[in-house]
Amino acid sequence: MGVINPMLHHNESEWSAERPEAYEYRGRGKSIALWVIVVILAAVLGALVYYGYRIVKTQDLRITQIFGNQGTLSRLGQRADAAETKLHDLASDWQSMGQRVGKLEGRVTTDLKETRRYAETLTQQLHQQMIAEMESRTSTLDARLRQVESEQADQRTQMARVEAKLNQDISAVREENDRNLSVVRQQEETNARGVNAISHKLERERIDFELAKGQTKELIPGVSLRIRGMNPAYQRYHGALWLLQDHRTVWLRDQSVHEPVRFFHKDGGEPYELVVTDVTKKAVVGYLLAPVKPESAAALVGQQTSVDTAPHE
């Protein structure tokens, strides 16, 4: 009872997928060897019986002689008894060997069943362990995927907010530019009206002009204007005024629109004012305010001078 069967106690690391089959093959080999021994013993017993039968048959004539001798008969009886005893012993040994073989087969069968059961248990444990590992890895990947999707959603939300804010800023800038443009136009109209009122008040003559780049034009006798360059984007120009009576030149360097340029003749008198109202890609548009001479002042009374304040395309 206290003996431990080493076939039923193994470490888990010693088992593999091929161990149960090898063990089953080993048990079958032992069973076959036992049956071979039993067959050999049976063959030996048969040979002995046959040999005894041949001896009895060949010496049939002597039996009668031996049968007549009482001592010989007693010896033959003893030998027969001894042979019978040996046969009984051999039969008992045969039965005991059969029992041992049966017991061995039972043990082998039990060990094989236990081995298969243990292998199935290990297989189930390995299967469950693999499933647990796969579920763990899958859950980790799912968590990472959900995190990435959440980050992408946050980024999309931030991009939408930034885009909405940019649209609002662009709309606000456009509205502010429109307001500034309307204010500038109002200032232009106010300046134009003020210049017109001043020209009427001072009784000045307004001479409108439109000159292209490189063109020279005599605005009034003795005063000529030449445009050397212009910048429509920044509404600036540069050129020169030639005063023939004074033999001098008034240079116009990086001049802006609505910025009056005043000059005088050497003889004195009222100033002259050159005002450019617009700079386009093709020409420079503006006017010259010149003092009115006494002989022509009466003709200017009640006359209104139209000022073109609209922007030129």
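Trainee: Which strands form the hairpin with Gly 222 in the turn?
Mentor: Strand 2 and strand 3 form that hairpin, and 2 residues sit between them. Gly 222 has a positive phi of about 95 degrees. Keep in mind that this is a predicted model.

Trainee: How many bridges join strand 2 to strand 3, and which way do they run?
Mentor: There are 4 bridges, and the two strands run antiparallel. Strand 2 covers residues 216-220 and strand 3 covers residues 223-231.

Trainee: What is the bridge partner of Ile 220?
Mentor: Val 223, in strand 3.

Trainee: And strand 3 with strand 4, how many bridges there?
Mentor: Those two pair over 8 bridges, in the antiparallel sense. As an example of who faces whom, Arg 226 stands opposite Ala 240 in strand 4.

Trainee: How many residues lie between the strands in that hairpin?
Mentor: The hairpin of strand 3 and strand 4 has 4 residues between the strands. Gln 235 takes a positive phi there, near 55 degrees.

Trainee: Switching to charges. How many salt bridges are counted?
Mentor: The count comes to 5 salt bridges. One of them joins the side chains of Arg 236 and Asp 254, at 3.9 Å from N to O. That pair links distant parts of the chain, with Arg 236 in strand 4 and Asp 254 in strand 5, 18 residues apart.

Trainee: Why is Asp 254 called exposed?
Mentor: Its relative accessible area is 51%, and the label exposed needs a value over 50%. Arg 236 has 32%, so it is classed as partly exposed.

Trainee: What does Asp 208 pair with?
Mentor: The side chain of Asp 208 meets that of Arg 206 in a salt bridge, with 2.8 Å from N to O.

Trainee: Is Arg 206 buried or exposed?
Mentor: Arg 206 is buried, because its relative accessibility is 14% and the cut-off for buried is under 20%. Asp 208 has 44% relative accessibility and counts as partly exposed.

Trainee: Where is Asp 246 found?
Mentor: Asp 246 is in the loop between strand 4, residues 236-243, and strand 5, residues 248-256. Asp 246 is buried, with a relative accessible area of 6%.

Trainee: Which residue does Asp 246 meet in a salt bridge?
Mentor: Arg 248; the two side chains come to 3.6 Å, N to O. Arg 248 is partly exposed, at 32% relative accessible area.

Trainee: What about a polar contact, which side chain is the partner of Asp 246?
Mentor: The side chain of His 265, at 3.2 Å.

Trainee: Which residues is Asp 246 in contact with, leaving aside neighbours within four places in sequence?
Mentor: Phe 264, His 265 and Lys 266.

Trainee: New topic. Which residues form the nonpolar patch on the surface?
Mentor: Ile 32, Val 36, Ile 40, Val 44 and Leu 48 form that patch. Together they have about 470 Å² of accessible area.

Trainee: Where does Ile 32 lie?
Mentor: Ile 32 lies in helix 1, which spans residues 19-58. At 55% relative accessibility, Ile 32 counts as exposed.

Terms used. Residues are numbered from 1 along each chain as its sequence is written. This is a predicted model: local features need pLDDT of at least 70, side-chain atom pairs count only at pLDDT 80 or more; totals for chains, interfaces and linings use all residues. Side-chain values use heavy atoms; hydrogens and water are left out. Buried means under 20% relative accessible area, exposed over 50%, partly exposed in between (1.4 Å probe, protein chains only). A polar contact is a pair of N or O atoms within 3.5 Å; within protein, one must be able to donate a hydrogen and the other to accept it, and residues adjacent in sequence count only if both atoms are side-chain atoms. Contact means heavy atoms within 4.5 Å. A salt bridge is a side-chain nitrogen of Lys or Arg within 4 Å of a carboxyl oxygen of Asp or Glu. Patches are made of residues with over 30% relative accessible area and no salt bridge: like charges are joined within 9 Å, nonpolar side chains (Val, Leu, Ile, Met, Phe, Trp, Tyr) within 5 Å. Accessible areas come from the Shrake-Rupley method with a 1.4 Å probe; for residues, only the protein chains shown count as cover. Two strands pair if DSSP finds at least two bridges between them.
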